[in-house]
Amino acid sequence: MKEAFIDIRKQLEKKLKKDRFEHTIGVMYTAASLAMRYHEDIDDAMMAGLLHDCGKYGSAQEQVERCQKHGIPLTQSELEMPALVHAKLGAYFAEKEYGVTNKGVLSAITWHTTGRPEMTMLEKIIYIADYIEPNRKIIPGLQEIRETVFVDIDHAICLCAGNTVNYLRKNGKPVDPMSIETYQYYSDKGE
Ligand code: FE
Ligand code: FE
């Protein structure tokens, strides 16, 4: 493994909970496989995978406070759904603390939780890798997404976004408008 990765990996191992760290490594290698399949830069995919959850430590409230401290603007829905905050915070840390300058990597971290319409290939890869990495517990639909993503990544995004929105609705949880937009866009695209 390259020097730059080893160093960041060590820092994350100290910072993140054990399960979160294992998930991170799973996302990193899953992103690498998808980069191979879709002709993306493998190092960029691994770096984005490695750092995608680097903002996800401490309580939700602490994450919100960290954003305020660093002047990271949050939307109303991010304040209502603090589970989303770590994505923006992670992109900030990736740049300021881990020295990432590649804008594509930073935006893949920013959009990994909700996705967005018209994602770049790297954004799609991290969004999906986060969902399908090997340590994820099996939930309905996961097997289909794992198979589909290697055939048709846009269709896999549609399935993934659809699952996320349905799961949140079924459990009476608020859904970020951007997640709905992602689902809408990729479901229309498949028609
Ligand atoms: Fe995340
Ligand atoms: Fe994650």
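Helices and strands are DSSP runs, numbered from the N terminus; a helix needs at least four residues.

**View 1. The whole chain, a predicted model.** Read along the sequence, the pattern is α-α-α-α-α-α-α-α-α-α-α. That is 11 helices and 0 strands. The C-alpha trace spans about 40 × 40 × 30 Å along its principal axes. For 191 residues, a compact globule would have a radius of gyration near 16 Å; this chain has 16 Å, so the two agree.

**View 2. Surface and interior of the chain.** Of the 191 residues, 48% count as buried. The accessible surface comes to about 9800 Å². Carbon and sulfur atoms hold 53% of that surface. Take the contacts between residues at least 6 apart in sequence: 57% of them join residues at least 24 apart.

**View 3. The iron ion (ligand 2) and its donors.** Four residues coordinate this ion: His23 (NE2), His52 (NE2), Asp53 (OD) and Asp130 (OD). The distances run from 2.2 to 2.3 Å. Along the sequence, the donor residues are spaced H-x28-H-D-x76-D. The 4 donor atoms subtend angles of 81 to 174 degrees at the iron ion (ligand 2), so the arrangement is irregular. Histidine 23 sits in helix α2 (residues 18–37), and histidine 52 in the loop between α3 (42–51) and α4 (60–69), so the pair ties together parts that are 29 residues apart in sequence. Both histidine 23 and histidine 52 are buried.

**View 4. The iron ion (ligand 1) and its donors.** The protein donors here are Asp53 (OD), His86 (NE2) and His112 (NE2). They lie 2.1 to 2.2 Å from the ion. Their spacing in sequence reads D-x32-H-x25-H. Histidine 86 belongs to helix α6 (residues 85–96), while histidine 112 lies in the loop between α7 (103–110) and α8 (121–132). This pair links distant parts of the chain, 26 residues apart. Histidine 86 is buried, with a relative accessible area of 3%. Histidine 112 is buried too, at 2%.

**View 5. Aspartate 53 between the two iron ions.** Aspartate 53 coordinates both the iron ion (ligand 1) and the iron ion (ligand 2), which are 3.3 Å apart. Aspartate 53 is placed in the loop between α3 and α4. Its relative accessible area is 1%, under the 20% cut-off, so aspartate 53 counts as buried. Leaving out residues up to four places away in sequence, aspartate 53 touches Leu16, Arg20, His23, Thr24, His86, His112 and Asp130.

Conventions. Residues numbered from 1 in each chain as written. Chains lettered and ligands numbered in written order. Predicted model: local features only at pLDDT ≥ 70, side-chain atom pairs only at ≥ 80, totals over all residues. Heavy atoms only, no water. Donors = N, O, S within 2.8 Å, 3.2 Å for Na, K, Ca; no water. Tetrahedral: all angles 85-135°; square planar, octahedral: opposite > 155°, others 65-115°. Helix = DSSP H or I, 4+ residues; strand = E, 2+ residues; numbered from the N terminus. Buried < 20%, exposed > 50% of the residue type's maximum accessible area, 1.4 Å probe, protein only. Contact = heavy atoms within 4.5 Å. Rg over C-alpha atoms; globule rule 2.2 N^0.38 Å. Areas by Shrake-Rupley, 256 points an atom, 1.4 Å probe, with all protein chains shown as cover.
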